[in-house]
Each structure stands twice: as structure tokens, then as C-alpha cells.
Amino acid sequence: MTGKLVVGITGASGAIYAVRFLRYAAQHFAQVMVIASEHALSVARTELGLDVDARNLSSQRLLGTEYANIHFLNPKDYFTPPASGSFRHDGMVVIPCSMGTAGRIAHGVSDDLLTRSADVCLKERRKLILVVRETPLNLIHLRTLTALTEAGAVVLPASPSFYSRPYTLEEAVDTVVARVLQQLGVEQQIVGQWQVDE
Ligand SMILES: Cc1cc2nc3c(=O)[nH]c(=O)nc-3n(C[C@H](O)[C@H](O)[C@H](O)COP(=O)(O)O)c2cc1C
């Protein structure tokens with residue numbers, strides 16, 4: 001395995017997207033650096049019933065397994081590699097991405113390590129994938145998503161597809177996770193390509 005990936009998790013609904021994505025990411029990237037907002041952990045407690053907070057955060061608590069290649073970074077600490085453009089990595093995914101965080105990134109408000117790392121991706125022209133989740137969208141959200149796309153980010157809504165006939169919640173979630181992995185250039189076997197025999 002090679003490659004370094006930065007993953008942001010925010011307080012949008014859909015903590016399960018982060019959990020499912022990180023489990024796959026750990027299999028494909030040598031190093032996965034995770035920045036979880038305070039609200040991300042509170043949503044993970046609410047939605048998944050996890051006993052996780054900023055003090056005890058670990059892959060064991062969030063993902064149910066220890067992964068040696070997943071490192072959790074302090075969102076308030078700028079003295080970490082992804083805060084600087086001099087650190088080369090293979091991209092950043094924010095999953096799920098709240099409209100608050102999307103708005104801050106779109107307007108260059110680098111007020112924590114997550115938004116700063118995303119800002120660095122845009123300025124260094126690195127891949128930035130934002131798995132946004134909100135419904136319905138107001139005009140501010142729409143303008144935010146347009147600005148992010150214009151700045152080079154990939155807006156990939158947490159919008160599951162059903163043509164693969166997902167049966168469980170996890171399978172539905174994985175239709176989104178598969179698209180994120182594809183965007184990162186990862187060969188994934190989770191969901192096949194439409195009308196292609198593999
Ligand atoms: C259970 C729950 C679900 C939420 N779902 C969403 C959502 O789907 N999208 C969104 O933009 N914000 C959602 N929010 C609000 C965000 O958590 C809130 O705006 C927060 O400030 C986001 O901070 P962060 O982006 O730093 O994580 C939700 C909050 C809670 C408690």
C-alpha cells in the first residue's frame with residue numbers, strides 16, 4: 001500500500017458514511033489522517049450510539065477495529081502535516097460534510113485544522129472531495145457548492161443510488177462510498193460499473 005489520505009468528518013447527518021469510508025480507506029492507503037470536528041463526534045454518538053469523544057477518539061471506538069495506519073489529528077492543532085502545502089498527500093475527503101464546513105471552506109475561513117487542510121488542497125490544486133449532506137438546499141448552500149466547484153473541489157453529495165439493488169443500509173451507504181473511492185482512483189469492487197461485466 002502506498003498513498004496518504006486526509007479525511008475530515010463533520011457534524012452533518014450520516015456518521016455511517018465516515019465509518020464505512022474509513023474502513024475501506026485503511027485498506028487502500030498507507031496512511032490515513034483523520035480530522036473529526038466536535039460536532040462530528042456528537043452526531044456519531046447520536047446516530048450510531050458510539051461512546052466516542054475528543055478525548056477517547058480511536059479507530060477502535062469509531063470503527064470497531066484498531067487500524068495502525070489511521071491517525072487522528074487534533075482539529076485545533078495546526079502543527080500537523082496537512083496544515084501545510086509542503087506536505088504532499090494524495091487528496092482529502094470530507095465525509096460527511098456539513099453545509100457549515102462547506103461554507104467555511106468556500107470562503108477561505110481556515111479556523112481549524114479541517115478547514116485549513118481543505119484550503120491547502122485548493123491552493124495546491126490537490127483533490128478535495130466534499131460529501132455534502134443537507135436537504136432541501138437553500139440559495140446560500142447552492143452558491144457555496146458552486147463556489148467550491150469553481151475553486152476545484154469535487155462536490156459529491158451523500159446521495160445513494162439504487163440501481164445495484166442495495167438491500168441493507170450499509171449497502172446503500174456503500175454506493176456513495178464507492179463513488180468517493182473511484183474519485184480517488186482506487187480500484188473498488190463494492191459496486192460494479194453500470195452495464196459492464198467484471
Ligand atoms: C443529529 C444532527 C444532524 C445534523 N445534520 C446535519 C446535516 O445533515 N447537514 C448539515 O449541514 N448540518 C447538520 N447538522 C448541524 C451541524 O452539526 C452543525 O451545523 C455544526 O455546527 C456543524 O459543525 P462542523 O461542520 O464543524 O462539524 C446536524 C446536527 C445534528 C445534531
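A residue is taken as buried under 20% relative accessible area, as exposed over 50% and as partly exposed in between, with a 1.4 Å probe and protein chains only. By this criterion Val191, in the segment after α7 (169-183), counts as buried because its relative accessibility is 15%. The structure is a predicted model, in which local features need pLDDT of at least 70 and side-chain atom pairs count only at pLDDT 80 or more, whereas totals for chains, interfaces and linings use all residues. Residues are numbered from 1 along each chain as its sequence is written, and side-chain values use heavy atoms, with hydrogens and water left out.

The protein contains 7 helices and 6 strands, where helices (H or I, at least four residues) and strands (E, at least two) are DSSP runs numbered from the N terminus. Read from the N terminus, the elements follow the order β-α-β-α-α-β-β-α-α-β-α-β-α. The radius of gyration, taken over C-alpha atoms, is 16 Å, which agrees with the value near 16 Å for a compact globule of 198 residues; the globule rule is 2.2 Å times the number of residues to the power 0.38. Along the principal axes, the C-alpha atoms fill a box of roughly 45 × 40 × 35 Å. Of the 198 residues, 48% are buried. Among contacts (heavy atoms within 4.5 Å) with a separation of 6 or more, 73% are accounted for by residues 24 or more positions apart.

Two packed helices are described by the angle between their axes and the distance between the axes. Here the axes are lines fitted to C-alpha atoms, for helices over the stretch in contact, and the angles run from 0 to 180 degrees between N-to-C directions. Angles under 35 degrees count as roughly parallel, over 145 as roughly antiparallel, 65 to 115 as roughly perpendicular and the rest as oblique.

Helix α1 (residues 15-28) packs with α7 at an angle of about 60°, the axes being 9 Å apart, and the two helices are therefore oblique to each other. Their crossing is right-handed, a crossing being right-handed if the near helix is turned clockwise from the far one by less than a right angle, and left-handed if anticlockwise. In this contact Ile16, Tyr17, Arg20, Phe21 and Tyr24 of α1 meet Leu169, Glu170, Val173, Asp174, Val176, Val177, Val180 and Leu181 of α7. The residues of the α1 and α7 contact divide into 10 nonpolar, no polar and 3 charged, where Ala, Val, Leu, Ile, Met, Phe, Trp, Tyr, Cys and Pro count as nonpolar, Asp, Glu, Lys and Arg as charged, and the others, Gly among them, as polar. Helix α1 also packs with helix α2 (residues 38-48), at an angle of about 95° and with the axes 9 Å apart, so α1 and α2 are roughly perpendicular to each other. Ala15, Ile16 and Val19 of α1 here meet Ala44, Glu47 and Leu48 of α2, a set with 5 nonpolar, no polar and 1 charged residues.

The axes of helix α4 (residues 99-106) and helix α5 (residues 113-123) come within 9 Å and cross at roughly 45°; α4 and α5 are therefore oblique to each other, and their crossing is right-handed. Thr101, Arg104 and Ile105 of α4 make this contact with Leu114, Thr115, Ala118 and Leu122 of α5, giving 4 nonpolar, 2 polar and 1 charged residues. The buried residues of α4 are Met99, Thr101, Ala102, Gly103 and Ile105, and these pack against β4 (92-97), α5, β5 (128-132) and α6 (139-150). Following α4 is Gly108, with a positive phi near 70°.

Most residues other than glycine have a negative phi, and most peptide bonds are trans. Arg125, in the loop between α5 and β5, has a positive phi near 60° and is exposed because its relative accessibility is 71%. Arg165, in the loop between β6 (154-155) and α7, likewise has a positive phi, of about 55°, and is exposed at 74% relative accessible area. The peptide bond from Ile95 to Pro96 is cis, with omega near -10°, and Pro96 lies in strand β4. A cis peptide bond also joins Thr135 and Pro136, with omega about -10°, and Pro136 is placed in the loop between β5 and α6.

Apart from residues up to four places away in sequence, Val191 touches Ser164, Asp174, Thr175 and Ala178. The C-alpha atoms of Val191 and Glu171, which are 20 residues apart along the chain, are separated by 9.0 Å.
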